[in-house]
Amino acid sequence: MEFRPISRKNFNDFRRIYQQGIATGMATFETETPSFEKWDASRKSFGRIALYDNGEMLGWATLSPVSDRCVYRGVAEVSVYVSSENRGKKYGELLLKELIRISEDNEIWTLNAAMMRENTASLKLHEKCGFRVVGYREKIGRLNGIWRDNILMERRSKIIGIKS
């Protein structure tokens, strides 16, 4: 297995896995996969990784900025998706741990995650990787006519941004 960057070249594999996540009805409020240009503009230039085995993309993880304000330059939001045929095999954990390493290499001190309450696998994954629940947004969005809560999780680095 190896990590590779997500680029225009492998974006169709990315989109296939993202579409599988959309189809679950509990991974995102998005209903369509974005174009490469739209996706590219909304992500950090680092932390765009895909996990491959024998040429097959098993899953991906990315970092997005939470704000343009300089005070939040060390804060990013994580996204982790694993293909439907590869869920439950610890690939999400491999991806998230690598994303954490990359984030700290790039001076990110806080990682945020938001997931639908029903997405218990994602909640457990993030908790296992050092995230804690910091709150929730009640009925923050409606998907397919159903109002959904978002659970907010956060991971504070123990090596970046610790000195006052």
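Predicted model: local features only at pLDDT ≥ 70, side-chain atom pairs only at ≥ 80, totals over all residues.
1. Apart from the largest nonpolar core, which has 25 residues, lies another core of 13 residues; Phe11, Ile17, Ile22 and Phe36 are among them.

2. Met153 belongs to the largest nonpolar core, where it is one of the residues with the most contacts inside the core, together with Val78, Leu95, Leu96, Leu111 and Phe131. Two or more residues of this core come from each of these elements: strand 2 (48–53), strand 3 (56–65), strand 4 (75–82), helix 3 (91–105), strand 5 (110–116), helix 4 (120–128) and strand 7 (146–156). Helix 3 gives the largest share, six residues. As general background, nonpolar side chains tend to be buried together in soluble globular proteins.

3. Helix 3 is mostly covered, with eleven of its 15 residues buried. The buried residues include Leu95, Leu96, Leu99, Ile100 and Ile102, and also Glu93, Glu98 and Glu104.

4. The length of helix 3 can be checked. At 1.5 Å a residue, its 15 residues should span 21 Å, and the end C-alpha atoms are 21 Å apart, so the two values agree. Glu107, which follows helix 3, has a positive phi, near 65 degrees.

5. Is Met1 buried or exposed? Met1 counts as exposed because its relative accessibility is 58%, and exposed means over 50%. Met1 is placed in the segment before strand 1 (2–5). With Phe3 and Leu94, Met1 makes a nonpolar surface patch of about 290 Å².

Key:
Residues numbered from 1 in each chain as written. Heavy atoms only, no water. Patch = residues over 30% accessible without salt bridge, like charges linked within 9 Å, V, L, I, M, F, W, Y side chains within 5 Å. Areas by Shrake-Rupley, 256 points an atom, 1.4 Å probe, with all protein chains shown as cover. Salt bridge = Lys/Arg side-chain N within 4 Å of Asp/Glu carboxyl O. Helix = DSSP H or I, 4+ residues; strand = E, 2+ residues; numbered from the N terminus. Buried < 20%, exposed > 50% of the residue type's maximum accessible area, 1.4 Å probe, protein only. Core = buried A, V, L, I, M, F, W, Y, C linked by side-chain atoms within 4.5 Å. Expected span 1.5 Å × (residues − 1).
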